[in-house]
Amino acid sequence: MTDEKLLSIAERFDLEGTIASIKPLGEGFINDTFVIRTEGDAPDYILQRKNHAVFPDVPGMMENILAVTEHIKAKVADPLRETLTVVRARDGKLYVEDEGNFWAVCLFIADTSSFDRADSPELAYQGGVGIGRFQALLADFDKPLNETIKGFHNIRHRFAQWDAAVAADAAGRVASLAEEIGWVESRRREMLDFWSLVEDGTIPTHVTHNDTKISNILFDKPTGKVLCAIDLDTVMSSTSLNDFGDAIRSYANTGAEDDRDLDNVELSIEMFRAYADGYLSQQRATMTQSELDWLAFSARYITFEQVLRFLMDYIDGDKYYKTAYPEHNLVRTRAQYKLLQSMERRYDEMCAIVRELAK
Ligand code: ADP
Ligand code: GN1
Ligand code: MG
């Protein structure tokens with residue numbers, strides 16, 4: 001991507017001021033993100049090439065993001081900082097299409113920090129407050145949302161994809177993965193049983209974020225307090241539990257998501273407690289008993305789903321996630337599996353903490 005190309009795309013958006021530079025930012029696994037710096041007092045911007053292979057309907061996704069952020073803006077004290085602000089193209093569209101790529105822009109939120117891991121219980125508490133508040137602000141959102149990725153956290157759908165991937169064996173790797181495939185298969189029943197509670201309405205659905213790992217939250221630099229949830233590409237209707245579980249997967253992992261040294265990877269009960277405390281401070285009053293009963297399990301569910309998704313991508317030949325080296329998805333699979341085992345071992349403690357904090 002040449003600088004001229006990036007500039008010509010950026011100039012198709014309705015930006016204030018004169019562009020001074022456009023530089024890559026962040027390490028998301030899906031989109032390509034750039035920060036546009038402008039001269040003088042004009043705001044800076046985030047420019048993203050949305051991954052069209054992952055998101056088949058980018059216009060529909062941008063409609064979701066606009067609707068949800070407008071809903072939040074009407075309720076918060078600082079609408080330009082407490083959620084994303086979508087910037088339209090000069091032709092009024094929410095995106096620019098260029099040679100099959102879809103680009104979108106939002107305001108850069110300055111004086112913020114983002115993290116790849118939680119280094120203190122205070123940060124985990126704030127993260128929990130952030131997602132709990134995000135869900136609470138959207139609890140009365142009543143417009144239909146486009147399903148940006150079909151069956152995103154629906155494990156029945158994921159198992160259908162999994163069965164097809166294993167049967168196709170596109171990269172010829174299945175024979176060498178008997179042990180790892182066994183990890184997934186041995187948990188098929190319990191995961192489907194959990195999901196059937198969502199399907200039969202025992203566990204309700206709400207507007208949810210669906211990608212709540214720590215790097216998708218911005219914290220206010222001066223105060224350290226949570227500011228907002230970003231990366232709203234997957235905002236859809238699902239169970240709120242998934243947002244909790246997905247966050248625990250990153251905040252409460254003592255190692256990295258792709259740690260090669262499995263000894264580093266354990267569930268931190270301290271971080272679990274802190275995140276749950278923050279989340280429940282916003283959600284406790286409105287959660288149903290079934291949601292509380294399954295809250296701790298959601299961490300196992302989403303971590304399992306991530307084992308399946310990383311391994312499935314490895315089986316497919318690394319088509320979905322950005323990878324830094326050939327075995328990256330397998331390393332991620334093993335590290336997430338180690339975390340899952342740690343959660344399984346400490347599940348009774350997790351449940352006891354939720355019961356205590358839910359009172
Ligand atoms: P991806 O979908 O690839 O994960 P994200 O939307 O999460 O992309 O953006 C990647 C990173 O860029 C974030 O983790 C955050 O650090 C930074 N970022 C994204 N949007 C903003 C914004 N509006 N203001 C400030 N930083 C942002
Ligand atoms: C992706 O976009 P990013 O990097 O925040 C993925 C999540 C995974 C995560 C694993 C749209 O998140 O579902 O949990 O990687 N997003 C999508 O780190 O698939
Ligand atoms: Mg992200």
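In what follows, Ala, Val, Leu, Ile, Met, Phe, Trp, Tyr, Cys and Pro count as nonpolar, Asp, Glu, Lys and Arg as charged, and the others, Gly among them, as polar. This is a predicted model, in which local features need pLDDT of at least 70 and side-chain atom pairs count only at pLDDT 80 or more, while totals for chains, interfaces and linings use all residues. Residues are numbered from 1 along each chain as its sequence is written, chains are lettered from A and ligands numbered from 1 in the order in which they are written, and side-chain values use heavy atoms, with hydrogens and water left out.

**Exercise 1. The enclosed space**

Task: find which residues line the largest cavity, and classify them.

Solution. Begin with the rule: on a 1 Å grid over the protein atoms alone, a cavity is a set of points where a 1.4 Å probe fits but cannot get out, and a pocket is an open set with protein on both sides within 12 Å along at least five of seven lines; lining residues have an atom within 4 Å of a point. Grid points are joined across faces, edges and corners, and a volume is the space filled by probe spheres set on the points.

Step one is the count: one cavity of 30 Å³ or more turns up by this rule. Step two is its volume, with about 100 Å³ of space in the largest cavity. Step three is the lining, made of Ile72, Val76, Glu82, Gly130, Arg133, Phe134, Leu137, Val226, Leu227, Cys228 and Ala229. Helix H3 (121–137) and strand E10 (226–229) are the elements that give two or more residues to this lining. Here helices (H or I, at least four residues) and strands (E, at least two) are DSSP runs, numbered from the N terminus. Step four is the classification: eight residues of the lining are nonpolar, one is polar and two are charged.

**Exercise 2. An open pocket**

Task: describe the second largest pocket and say which helix gives the largest share of its lining.

Solution. The volume of the second largest pocket is about 340 Å³. It is lined by 15 residues, of which Arg158, Gln161, Met312, Asp316 and Tyr320 are closest to its centre. Helix H4 (155–168) and H9 each supply at least two lining residues, and H9 has the largest share, with four. By class, this lining has seven nonpolar, two polar and six charged residues.

**Exercise 3. Around ligand 2**

Now look for polar contacts, that is, pairs of N or O atoms within 3.5 Å. For Glu257, a polar side-chain atom lies 2.7 Å from a ligand oxygen, and for Arg249 the distance is 3.4 Å. Finally, the protein covers 98% of the 440 Å² of accessible area that ligand 2 has on its own (Shrake-Rupley method, 1.4 Å probe).

**Exercise 4. Around ligand 1**

Solution. The side chain of Ser114 places an N or O atom 2.9 Å from an oxygen atom of ligand 1. Taken alone, ligand 1 exposes 550 Å², and the protein buries 92% of that.

How values were computed. Polar contact = N/O pair within 3.5 Å; in protein donor to acceptor, adjacent residues only side chain to side chain.
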